[in-house]
Amino acid sequence: MGFITKEMMEYLDAFAKYEDGELGQLQQQAYEEGLPIITKDVVNFLNTMLTMKRPKKILEIGCAVGFSAMLFAQFAPVITIERFPLMAVLARKNFDNFNMGKRIKLIHQCASIALPDLVAQKKKFDFIFMDCGKGQYSRFFPYLLELLEDGGVICVDDVLQEGTVASDVETIPRRLRTIHRNLNEFLHTAASHPRLQSTILPIGDGLLVCTKITDKANEEKIP
């Protein structure tokens, strides 16, 4: 990884394009104002992956201002979950402005309530994107596995915490140690799960990508 210098990052960033039209304008505005949306390199990766995957039903946990939900809605209908009232209001306003209201259903609720409800309704998705409170990833992950179709993909953003996830817990400020432990537990769970093929990509602040293996494929996989 030594070749990933600042100069190389700037070089690679030049290949990461903004979205076209008004969605691209919202993207640039969000970056300028420091709003919590996915980074340009993650946007480009997701565009590439979704173009190949062609999902039919998408679930998002952590909507913020709605940029990523509208990005996903270009590929398939989206259910997105957002707990914060201000973000939910801004997202709905953006959905209306972009005429995306019929493609996106926003659940204004904590994911700890919304996800079990979706499981109880026997909902299934072939693509799930999670970008919410990092300390909650391990708590929410079992629900995502139940909601994911065999062969489906889960992407989880910001899993490296600017590299501190690899640090000894004693070097982490006390107020952040619970998040540090939970995030490491989550990453080890995803990496060792028998029904998942997982990798972490060094884009954005770390993107975990998991594919759910079918029972048959899991049984036939060479030990």
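Gly204 is partly exposed in this predicted model, with a relative accessible area of 40%. The residue sits in the loop between strand 6 (196-201) and strand 7. Apart from neighbours within four places in sequence, Gly204 is in contact with Thr39, Asp41 and Val42. Gly204 and Phe140 are 64 residues apart in sequence, and their C-alpha atoms are 21 Å apart in space.

**Helix 3**

- Helix 3 comprises 14 residues, 40-53, and its span of 20 Å from first C-alpha to last is close to the 20 Å expected at 1.5 Å a residue.
- The buried residues in helix 3 are Lys40, Val42, Val43, Leu46, Asn47, Met49 and Leu50.
- Residues three or four places apart on an α-helix point the same way, because the helix has 3.6 residues a turn.
- The cover over the buried residues of helix 3 includes helix 1 (6-13), helix 2 (21-33) and helix 4 (67-73), and it also includes strand 4 (125-130), strand 5 (148-157) and strand 7 (207-212).

**Lys212**

- Lys212 belongs to strand 7 and counts as buried because its relative accessibility is 12%, where buried means under 20%.
- A polar atom of the Lys212 side chain lies 2.8 Å from the backbone oxygen of Leu145.
- Leaving aside neighbours within four places in sequence, the residues in contact with Lys212 include Leu148, Glu149, Gly151, Gly152 and Leu196.
- Asp150 and Arg195 are also among the contacts of Lys212.

**Salt bridges**

- The structure holds 4 salt bridges.
- One of them joins Asp131 and Lys134, with the closest N and O atoms 2.9 Å apart.
- Both Asp131 and Lys134 are buried, Lys134 at 15% relative accessibility.
- Lys134 also meets Asp158 in a salt bridge, at 3.6 Å from N to O.
- Asp158 lies in the loop between strand 5 and helix 8 (177-192) and Lys134 in the loop between strand 4 and helix 7 (137-147), so this pair ties together parts 24 residues apart in sequence.
- Arg195 and Asp150 form a salt bridge through their side chains, at 2.9 Å from N to O.
- This pair links distant parts of the chain, 45 residues apart: Arg195 is in the loop between helix 8 and strand 6, and Asp150 is in strand 5.
- Arg195 is buried, with a relative accessible area of 19%, whereas Asp150 is partly exposed at 39%.
- Shared partners join the salt bridges of Asp131, Lys134 and Asp158 into one network.

**Surface**

- Met9, Tyr11, Leu12 and Phe15 make a nonpolar surface patch of about 430 Å².
- Of these residues, Tyr11 is found in helix 1.

Note on methods. Residues are numbered from 1 along each chain as its sequence is written. This is a predicted model: local features need pLDDT of at least 70, side-chain atom pairs count only at pLDDT 80 or more; totals for chains, interfaces and linings use all residues. Side-chain values use heavy atoms; hydrogens and water are left out. Helices (H or I, at least four residues) and strands (E, at least two) are DSSP runs, numbered from the N terminus. The expected span of a helix is 1.5 Å times one less than its number of residues. Buried means under 20% relative accessible area, exposed over 50%, partly exposed in between (1.4 Å probe, protein chains only). Contact means heavy atoms within 4.5 Å. A polar contact is a pair of N or O atoms within 3.5 Å; within protein, one must be able to donate a hydrogen and the other to accept it, and residues adjacent in sequence count only if both atoms are side-chain atoms. Patches are made of residues with over 30% relative accessible area and no salt bridge: like charges are joined within 9 Å, nonpolar side chains (Val, Leu, Ile, Met, Phe, Trp, Tyr) within 5 Å. Accessible areas come from the Shrake-Rupley method with a 1.4 Å probe; for residues, only the protein chains shown count as cover.
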